Each structure stands twice: as structure tokens, then as C-alpha cells.
Amino acid sequence: MVGPNGNESSATYFILIGLPGLEEAQFWLAFLLCSLYLIAVLGNLTIIYIVWTEHSLHEPMYIFLCMLSGLDILISTSCMPKMMAIFWFNSTTIQFDACLLQMFAIHSLSGMESTVLLAMAFDRYVAICHPLRHATVLTLPRVAKIGMAAVVRGAALMAPLPVFIKQLPFCRSNILSHSYCLHQDVMKLACADNHVSVIYGLIVIVSAISLDSLLISLSYLLILKTVLGLTGEAQTKAFGTCVSHVCAVFIFYVPFIGLSMVHRFGKQHDSILPVVMANTYLLVPPVLNPIVYGVKTKEIRQRILRLFHVTPHTSDP
């Protein structure tokens, strides 16, 4: 931003504009977003509670699911309180350091979730393609180490981003085009050469998100090859154990890739599309993941029904 003498200065705060063009409707839309947030939190907490209390579910597949649910809660919580403050109380300002912290939280948690989805794909690959080795390859201590590796990897990859932005001067507008702080959005307000930050962001996407999605695709190609060699009930069961995870992969990667493409190649001036996609990216996966796993996973479905005192049908597939 511009200092008193017209010189470059460091940013002290940013302004989040919420939903451009829908300012009058923001107050009412906030109720919908808040409802989705509550559904996401309650749904994912239910998944965590069921797996935690049912010892028969203390297996790699369900422990990874707990990690996914925990990350979904954290991702949505990292942005929703400020979004509600914007829509309901017109509290549009966010301090520079708070913006960088929110940006780091959103991107690092997304990186962790990508790693957990990769781990879940590996779990399905070993369980279906090498079932006799599953118990020895994915022991509970090893699953815990994978979880820690996901946390370290996500945090380490994203830690340089706020450091790079902290070094940049800001002499242009301090208005961000989203309801929360994103790296691409903040970076564009800098008035100095930001190629280092841009290049590092691309390296992170290629080395982490793109690599994860490629390895997940490879895992399912190998799984598909094995499953097609099965017959009857074994084939149906193998397909059934993968459906929920495949849905979770698409729910996570499609909005993420779409948002990245729009930011880098789309014309965003006076467009609400990137903002809607950004809100979708942070809210839809946390809402849909517990629903998908609750509906498609027999063990989770039966325990949810039992939790709410509903007797499951004995013919449940």
C-alpha cells in the first residue's frame, strides 16, 4: 500500500469483500453457509466418535477416515468464523499477520488432506491387491507415523509461502477478492517482483497435489486390474470398499484443481466465479465426506443408525 509520501509500505491489514455483487444477499446466504458448516462439523465429529468408541473399527481404513474428518473440521473452521463476521457484521478487515496465518492454515491443511487421501488409496491397494500382507504392512504404529508425516509434509511445504509474502511491499489496493485469505489472491496485491512466490506455489502444486493425484490414479488402475480378475461376491465387495474413497478423492480434487486453474488462467475482474469456487472448495468436501462414508460404508452406516437408536435392516448390503 502507499505510505503518506507516496512510497511503498508494508501492508498492515487487508479488506475481504465477501461475495462481490451479492452484498445485499450476504446476510441471508450466511445462514446457508452456517448451516453447511454445522452439518460438516457434526457429521465429521460423528465419524470420529464412532471410530473412536468401536474397537472393531480400529483398522487402517477407519483411522485414516478419522484423520480425514479431523482435517475437514479444521479446514472449514479456519475460514468460517471470519466469513460469518463479514456477512453478518460487515467486519471486512483482517490484520496482515492474521491473514498470513489463515492462508498458511488453509493451504497446509489442504496439503495434509491430499496426503491422507493418498494414504487411503495405498491402504485400499494393499488390502485388495496384497490382502495377505495388509496386516503386516499397515500396522497401527505405521498408520500413526503416516499421519504424522502428513502433518509435517503439509506444514513444511506451505511454511515458505507466508515468509515470501512477508518480504513483499504492498503499494496497490488492499482489497482481497475472496471471503478469506488465499495465497494467489494476496500475492497479486504486491507491487514488487513476486516470481519467487509464484514459482514456489507452482512447485508445491506439482510436487504435492499433482503427484498425490497421480499416485492415487495409479493405485486405482492396479486395483481395477485386480478386481476385474475376481468374480461374484468378491468382486462386488472389492468395488464396494473403494467407492467411498473414490468419491472423497473427486470431492477434494475437482474443486481444488478448478480453483487453481481459474486463479491462474481465468479473467477474474468483477467475476464472482472464483469466490463461489473458493467457498465450495472449503465447505463442500467437509459436508459431503461424512455423508458419503455414512451411506456407502456398511460398518459406519450401521453404527450411525445404532447411535440414533434406529435398528438397521439385517439385509443391509
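## Briefing on a predicted helical model

At 28% relative accessibility, Cys247 counts as partly exposed, a class that lies between buried (under 20% relative accessible area) and exposed (over 50%), with a 1.4 Å probe and protein chains only. The model is predicted, so local features need pLDDT of at least 70 and side-chain atom pairs count only at pLDDT 80 or more, while totals for chains, interfaces and linings use all residues. Residues are numbered from 1 along each chain as its sequence is written, and side-chain values use heavy atoms, with hydrogens and water left out.

**Helices and annotated regions**

- Cys247 belongs to helix α10, where helices are DSSP runs of H or I with at least four residues, strands are runs of E with at least two, and both are numbered from the N terminus.
- Between Cys247 and Thr280 there are 16 Å in space, C-alpha to C-alpha, and the two are 33 residues apart in sequence.
- The unreviewed UniProt entry places the feature "transmembrane region" at several stretches, including residues 198-224 and 236-259; such annotations may be inferred rather than shown by experiment.
- In the model, residues 198-224 are 100% helix and 0% strand, with end C-alpha atoms 37 Å apart, and residues 236-259 are likewise 100% helix and 0% strand, with their end C-alpha atoms 35 Å apart.
- Helix α4 has 34 residues and reaches 49 Å from its first C-alpha to its last, close to the 50 Å expected at 1.5 Å a residue, the expected span being 1.5 Å times one less than the number of residues.
- Because 26 of its 34 residues are buried, α4 is largely enclosed by the rest of the structure.

**Sheet**

- An open sheet is formed by 3 strands in the order β2-β1-β3, with mixed pairing; two strands pair if DSSP finds at least two bridges between them.
- The edge strands, each pairing on one side only, are β2 (93-95) and β3 (175-176).
- Strand β1 (residues 13-16) pairs with β2 in the antiparallel sense over 3 bridges, and Ile15 stands opposite Thr93 in β2.

**Cavities**

- The count comes to 4 cavities of 30 Å³ or more, a cavity being a set of points, on a 1 Å grid over the protein atoms alone, where a 1.4 Å probe fits but cannot get out.
- The largest cavity has a volume of about 210 Å³, which is the space filled by probe spheres set on grid points joined across faces, edges and corners.
- Its lining has 17 residues, of which His107, Met158, Gln184, Ile205 and Phe256 lie nearest the centre; lining residues have an atom within 4 Å of a point.
- The second largest cavity has a volume of about 50 Å³, and the residues that line it include Asp123, Arg124, Thr241 and His245.

**Largest pocket**

- The largest pocket has a volume of about 750 Å³, a pocket being an open set with protein on both sides within 12 Å along at least five of seven lines.
- Of the 23 residues that line the largest pocket, Lys237, Ala238, Gly240, Thr241 and Glu299 lie nearest its centre.
- Helix α10 gives the most to the lining of the largest pocket, with 7 residues.
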